[in-house]
Amino acid sequence: MIDLYFWPTPNGQKIPIMLEECGLEYRVKPVNMLRGEQFKPAFLRVNPNNKIPAIVDHDGPGQEPMALFESGAILQYLAEKTGQFMPRERRARYTVLQWLTFQVANVGPMFGQCGHFLGYAPRKIQYAIDRYRNETLRLYGVMDRRLKAVEYLAGEYSIADMATWPWVRVRWLHRIDLAEFPHVQRWYESIGARPAVQRALGVLADREKIGNPDAKAREALFGRSQLTQKRRPTAAGKRSPGARKTGRRADKTTRRGPR
Ligand SMILES: N[C@@H](CCC(=O)N[C@@H](CS)C(=O)NCC(=O)O)C(=O)O
């Protein structure tokens, strides 16, 4: 059984897509980031970086629980656990990792900032809008050229597509028209038609609220509360869910925080 710490956002949705594709059993632990639940000590023990998604696999390596954050790491972990959606052959495997890293290092941060300055920023800052929207358009161009040559980002359908697809889904936030990127459009539609993807989109669908944060959500996501949390998630001697039973304590980053 896998606990999925989740809220319905593009980064979050990558993980139920993979869990559904692999037919893994999971239970959803909602983390309402619009109300600051990402700062709760119990969640910080799983992800000291106060962001969803995160997982705890109760059947981790060595039959010990394994806690994991960062969507790219989680997707790789699940691919290795199940032997699916990331080939073992080295060339193919690194092609998947390359496009997965392209998503987590480029698509996520740049589209995210584009959406922030277009939709969330209280003041219109033209320089920031231009900078991040141009980057977003450039990245769509990279994907479109790639998807003209191959069916999926890494050739075969893989965790790289699962990571990227939810970000294309919210393209209205970035004012992107897929008619300008016909190969991305073909790819987007074929993945969107997959039953596992449809099931994943149903997870907490009624809580999905992107694009118009109220005052409390603004404070939780962009305000001082990001800096004023006491990051001492685990009491001395208490293990995090990721710690082994060998007497070693949880890795230090889960116990320490800014002083
Ligand atoms: N690099 C991280 C990004 C995760 C992320 O930014 N999550 C957002 C939601 S999409 C979040 O939890 N934000 C809450 C916060 O920043 O307090 C990943 O890929 O997992």
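This is a predicted model: local features need pLDDT of at least 70, side-chain atom pairs count only at pLDDT 80 or more; totals for chains, interfaces and linings use all residues.

Reply: Residues are numbered from 1 along each chain as its sequence is written.

Me: How many helices and strands does the protein chain have?
Reply: Helices (H or I, at least four residues) and strands (E, at least two) are DSSP runs, numbered from the N terminus. From that end, the elements run β-α-β-α-β-β-α-α-α-α-α-α-α. The secondary structure comes to 9 helices and 4 strands.

Me: What percentage of the residues of the protein chain count as buried?
Reply: A residue is buried if 20 or more other C-beta atoms lie within 10 Å of its own, exposed if 12 or fewer, and partly exposed in between, with C-beta atoms placed from the backbone. Of the 259 residues, the buried share is 37%.

Me: Which residues are the closest to the ligand?
Reply: A residue is near a molecule if its C-beta atom, placed from the backbone, lies within 6 Å of it. The ligand is surrounded by 15 residues. Helix H1 (10–22), helix H3 (71–82) and helix H4 (90–120) each supply at least two residues of this shell. The closest are Thr9, Asn11, Met33, Lys51 and Ser71.

Me: Which residues is Met18 in contact with, leaving aside its neighbours within four places in sequence?
Reply: Two residues are in contact if their C-beta atoms, placed from the backbone, lie within 7 Å. With those neighbours left aside, the partners of Met18 are Leu75, Leu78, Phe85, Ile159 and Met162.

Me: Why are the buried residues of H7 on the same side?
Reply: In helix H7 (residues 182–192), the buried residues are Val184, Trp187, Tyr188 and Ile191. The arc is that of the directions from the helix axis to the C-beta atoms. These residues lie on the same side of H7 because they cover an arc of only 100°.

Me: Which exposed residues does the face of H7 turned away from its buried side carry?
Reply: The buried residues of H7 are covered by elements including helix H5 (126–149), helix H6 (159–169) and helix H8 (195–201). The face turned away from the buried side carries Pro182 and Glu189.

Me: Is Asn50 buried or exposed?
Reply: Asn50 is found in the loop between H2 and E3. Its phi is near 45°, a positive value in a residue other than glycine. Because 22 other C-beta atoms lie within 10 Å, Asn50 is buried.

Me: Which peptide bond is cis?
Reply: Most peptide bonds are trans. Pro53 lies in the loop between helix H2 (41–44) and strand E3 (54–57). With omega near 5°, the cis bond is the one from Ile52 to Pro53.
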